[in-house]
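Here are my notes for a colleague coming to this entry for the first time. Please read them with the structure open.

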Amino acid sequence: MSKEDVLARVEADLAERDLGKARDRLNTMVFQYPDDLDLRARLATVYDALGLPAMAGRFWFFEEARDGARGRAIAAFERSCRSNPLHMLAALKFRGDRDQMPSHARDRLNALEEAVPEKDRFKPSTDEPSAKALIAGVIVVALIFVGLAVTGFVSIVRWTYQAIR
């Protein structure tokens, strides 16, 4: 189903006041199209209508306007994460392309990442596995395979011997 078809269904759900279905559809869309911040804003509006300000704030976090209901919802989201930038990043789950974000949203994301203490930052390993570790892994797998083969052979011999008796 195309993005437009799903959005049409969301609009129909909203017209019927079926906020749960609209929320579920938009939630799926947000993770299918992580670069589309408009989908996040629509989902935030649904969460706000459901009376879940912290969830609304989570999805309004990248919006430029932070006044009124949006500001209160974003503050509720930050409180729900204890204002911990690492918890906030985990809750935001932004997996989109930063280059496609508006500058204000990219700046917020960067500021949040920079606020994470150095000890808590994810550092991908750049180390290549050593040849010794690779050889050791192959040997372990080979020994397991041989052990299973011997166990299978012994079982077959026992079954055959019992069948002959």
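**Notes on the helices and the core**

1. Helices α2 and α3 pack at an angle of about 155°, and their axes are 9 Å apart. Axes are lines fitted to C-alpha atoms over the stretch in contact, with angles from 0 to 180 degrees between N-to-C directions. Helices are DSSP runs (H or I, at least four residues), numbered from the N terminus. The angle therefore makes α2 roughly antiparallel to α3 (over 145 degrees).

2. The contact (heavy atoms within 4.5 Å) includes Leu26 and Val30 of α2, with Leu43 and Val46 among the α3 residues. Its residues divide into 10 nonpolar, 1 polar and 3 charged. Here Ala, Val, Leu, Ile, Met, Phe, Trp, Tyr, Cys and Pro count as nonpolar, Asp, Glu, Lys and Arg as charged, and the others, Gly among them, as polar.

3. The model is predicted: local features need pLDDT of at least 70, side-chain atom pairs need 80 or more, and totals for chains, interfaces and linings use all residues. Residues are numbered from 1 along each chain, and side-chain values use heavy atoms, without hydrogens and water.

4. The largest nonpolar core has 32 residues. Such a core is a set of buried Ala, Val, Leu, Ile, Met, Phe, Trp, Tyr and Cys residues joined through side-chain atoms within 4.5 Å. Leu26, Trp60, Phe61, Phe62 and Phe77 have the most contacts inside it. Helix α3 gives the most, with 7 residues.

5. Beyond four places in sequence, Phe77 touches Ala54, Gly57, Arg58, Phe61, Met88, Ala91 and Leu92.

6. Pro85 lies in helix α6. Pro85 counts as buried because its relative accessibility is 14% (under 20%, with a 1.4 Å probe and protein chains only).

Key. Buried means under 20% relative accessible area, exposed over 50%, partly exposed in between (1.4 Å probe, protein chains only). Helices (H or I, at least four residues) and strands (E, at least two) are DSSP runs, numbered from the N terminus. Angles under 35 degrees count as roughly parallel, over 145 as roughly antiparallel, 65 to 115 as roughly perpendicular and the rest as oblique.
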